[in-house]
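Dear colleague,

I am passing on the structure we spoke about, together with some notes on what turned up in it. Please read them with the model open beside you.

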Amino acid sequence: MQKVRSLAALVSLLGLAACQTVKVQPAPAAPVPPPVVAPQPPTEPFVALLEATKDPRALDIAGTDHVTRQQFKDHFLQAFTAADRLDGSLDGSAPIAESCKELLELCRAADVNGDGKLSLKEFLDKVDELFDRADRNRDQVLSRREITRLRP
Ligand SMILES: [Ca+2]
Ligand SMILES: [Ca+2]
């Protein structure tokens, strides 16, 4: 009787052990994919100017050899918006100290009221000025040749 009881205990122990083994065994974890890091947009407000001097095609998105004033402004505005976000709020002003690195002098010149920030108006006025200076033949579009003459 003693033997039977201990055998039963052994069987139940084995059963428990088997159950535990099943419980403890973790499911094979799926490999965690590395987090996708989106490239940060440039925050230099006038970065389009640097891009254009390196390669005029950077501004000539449509590849038509004619960049209208609106296309010109739209391209510049992408970086301004990124710079505007730097101070935590999209309020239509970009902090110069945090955003302007390579073109600091240009940013300071554009900051007409000298408050250390570029308002959207200050920014677009300067973009207009850059466009007018580059548009040598005054036809209100920039050819690739005119784009290569863009300077801060
Ligand atoms: Ca300002
Ligand atoms: Ca022109």
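Ala-48 touches Leu-59, His-75, Phe-76 and Ala-79, leaving aside residues up to four places away in sequence, where two residues are in contact if their C-beta atoms, placed from the backbone, lie within 7 Å.

Before going further, please note that this is a predicted model, in which local features need pLDDT of at least 70 and side-chain atom pairs count only at pLDDT 80 or more, while totals for chains, interfaces and linings use all residues. Residues are numbered from 1 along each chain as its sequence is written, and chains are lettered from A and ligands numbered from 1 in the order in which they are written.

The protein chain has seven helices and four strands, these being DSSP runs numbered from the N terminus (helices are H or I with at least four residues, strands are E with at least two). Their order from the N terminus is α-α-β-α-β-α-α-β-α-β-α. Among contacts between residues at least 6 apart in sequence, 58% join residues at least 24 apart.

Of the 152 residues in the chain, 24% are buried, a term that requires 20 or more other C-beta atoms within 10 Å of the residue's own, whereas exposed means 12 or fewer and partly exposed lies in between. In helix H2 (residues 47-54), the residues Val-47, Ala-48, Leu-49 and Ala-52 are buried, and their cover includes helix H3 (69-84), helix H6 (120-134) and helix H7 (144-147).

The largest nonpolar core has 25 residues, of which Ala-48, Leu-49, Phe-72, Phe-76 and Ile-147 touch the most other members. H2, H3, H5 and H6 each supply at least two residues of this core. Such a core is a set of buried Ala, Val, Leu, Ile, Met, Phe, Trp, Tyr and Cys residues joined through C-beta atoms within 7 Å.

Arg-108, in helix H5 (residues 104-110), is partly exposed because it has 13 other C-beta atoms within 10 Å. Arg-108 and Leu-118 are ten residues apart in sequence, and their C-alpha atoms are 8.5 Å apart in space.

Most residues other than glycine have a negative phi. Arg-138, however, is not a glycine and has a positive phi of about 55°, and Gln-140, also a residue other than glycine, has a positive phi near 65°. Arg-138 lies in the loop between H6 and strand S4 (141-142), and it counts as exposed because it has 6 C-beta neighbours inside 10 Å. Gln-140 is likewise placed in the loop between H6 and S4, and with 11 C-beta neighbours inside 10 Å it counts as exposed.

With best wishes
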